[in-house]
Amino acid sequence: MEKKLIFSDEFIRSLADEYPTPFYLYDEKTLRKNAKLFNQAFSWNNGYKEYFAVKANPNPELLKILQSEGLGFDCSSLPELQICERLGVSGADIMFTSNDTPAAEYVKAKELNAIINLDDITDLQVLEDCAGLPEVICFRWNPGELREVASVIGNPVEAKYGLTTPQIFDAFAAAKSKSVKRFGLHTMVASNLLNEDFFTTTAELLFDLVKAIELQVGVDISFVNMGGGFGVAYKPDQEPLDLVRLGQLIRAEYAKFSAGDHAVQFAIFTESGRLVAAEAGVLVTRVIHRKDIYRTYIGVDASMANLMRPGMYGAYHHISTISKSDSKNRSEEKVDVVGSLCENCDKFAVERMLPVLEIGDLLAIHDAGAHGYSMGFQYNGKLRCAELLLEESGNVKMIRRAETFDDYIATLDVNIP
Ligand SMILES: *Cc1c(COP(=O)(O)O)cnc(C)c1O
């Protein structure tokens, strides 16, 4: 299958004439389309909400777009909570899912009336001591050996998150004995999965657990958060998740639990970052070097400091070439596409067949709208690049400028000449 670039070559070429490369470029239309898809896929469920995982892309201009589509936000740190606060988001529009949580973060989450998702059985007391208990509490479940299928990203038994199954029962009982009035159950055990069965099995396990908790502990679970992890078809030969069909499969699971003896009914939440935002962004970079040694290296002006996923875990990102001229019929060759970081993992592609590139050609790295800019760093004195947004109106807006040397030294205590 061919992987189509969401922007036209001419458009990217004209932007690269105006703005220095590299830069991120986002598309409002695609972002809205994906947000709508979540709401459509789960519209059968009363109270459904998608909480966009802010860590995937915390740019407030993008968050505002998602807010206007009715999405909530999944925060996991104080600055993420503060960004939401600045946008006027509060209450049940925020889920605070963190682990190893500093008290100050609980205090802010409570102040914003966010739904707090506790990661450990001891956190109930910690929260009570530092901020007082809210009316609503959620617990994060770690299914352990029940979910070894998730071993692609790490076996849940080895994952630091969540409560064990026996602890979950004790935790709800403890919360019930205090002043907590409403309860939620959460799990997130895998990342970037394209396999429908995985999600339906997770739903079944969660729904089963809800029933067991209600029967044994005597609390009503009012929502179940299935977490994120909805995969993106990064590779051209991958079949994208059909979210609407997946929604119907989960609906069928839900139907089994919401009727008959001991029926349980609850709102379903998701907290996807990737499937909402990845497709809506590309990283545009320019070829500045070509080197033929044991392999052919195409050097570009972006590095893994701009987009860490390929270097960090060998993730595949599709690359479209946008040549200076319209010479479309170039032959292909096998190259490594590299950045200038002094680390050999600083590669956007390894032994990839690409059209023969010339210095000055542009490359668009696909599916970079989630876990892209937000994972960026300054190691090796690499400064973060700008972020641009193509609005639905056709207007292009710079939604974050590129960092400068002054930004790089802004936190130094000493004056350097
Ligand atoms: C990272 C994360 C998400 C989002 O993951 P995606 O792969 O972007 O869907 C959701 N929930 C939690 C708790 C996370 O840590």
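A polar contact is taken as a pair of N or O atoms within 3.5 Å; within protein, one atom must be able to donate a hydrogen and the other to accept it, and residues adjacent in sequence count only if both atoms are side-chain atoms. The structure is a predicted model, in which local features need pLDDT of at least 70 and side-chain atom pairs count only at pLDDT 80 or more, while totals for chains, interfaces and linings use all residues. Residues are numbered from 1 along each chain as its sequence is written, and side-chain values use heavy atoms, with hydrogens and water left out.

Another pair places an oxygen atom of the ligand 3.2 Å from a backbone N or O atom of Gly273. The side chain of Asp74 contributes an N or O atom at 3.5 Å from a nitrogen atom of the ligand. On its own the ligand has 390 Å² of accessible area, of which the protein covers 88% (Shrake-Rupley method with a 1.4 Å probe; for residues, only the protein chains shown count as cover).

The protein chain contains 12 helices and 17 strands, assigned as DSSP runs numbered from the N terminus (helices, H or I, at least four residues; strands, E, at least two). Its radius of gyration is 23 Å, close to the 22 Å that the globule rule gives for 417 residues, so the chain is as compact as a globular protein of that length. The radius is taken over C-alpha atoms, and the rule is 2.2 Å times the number of residues to the power 0.38. Along the principal axes, the C-alpha atoms fill a box of roughly 70 × 55 × 45 Å. Of the 417 residues, 55% count as buried (buried, under 20% relative accessible area; exposed, over 50%; partly exposed, in between; 1.4 Å probe, protein chains only).

The salt bridges number 25, each defined as a side-chain nitrogen of Lys or Arg within 4 Å of a carboxyl oxygen of Asp or Glu. In one of them, the closest N and O atoms of Arg32 and Glu28 are 2.9 Å apart. The two residues are 4 positions apart in helix α2 (residues 28–41) and are therefore separated by about one helical turn. Arg32 is buried at 16% relative accessible area, and Glu28 is buried at 9%.

Arg295 takes part in two further pairs, with Asp336 and with Glu351. The bridge to Asp336 has an N to O distance of 2.9 Å. Because Asp336 lies in strand β13 (residues 332–338) and Arg295 in the loop between β10 (281–292) and β11 (296–300), this pair ties together parts that are 41 residues apart in sequence. Asp336 is buried, with 0% relative accessibility, whereas Arg295 is partly exposed at 31%. In the bridge to Glu351, the closest N and O atoms are 3.8 Å apart. Glu351 belongs to strand β14 (residues 347–355), so its pairing with the loop residue Arg295 ties together parts that are 56 residues apart in sequence. Glu351 is partly exposed, at 43% relative accessibility. Elsewhere, salt bridges that share partners join Glu28, Arg32, Lys36, Glu69 and Glu392 into one network.

Lys3 is placed in the segment before α1 (9–18) and is buried at 18% relative accessibility. A polar atom of the Lys3 side chain lies 3.0 Å from the backbone oxygen of Ala233, and a contact of 2.9 Å joins the side chains of Lys3 and Asp367. Gln238 lies in the loop between β8 (221–225) and α9 (243–257) and is partly exposed, at 25% relative accessibility. A polar atom of the Gln238 side chain is 3.1 Å from the backbone nitrogen of Tyr234. Between Gln238 and Leu78, 160 residues apart in sequence, the C-alpha to C-alpha distance is 36 Å.
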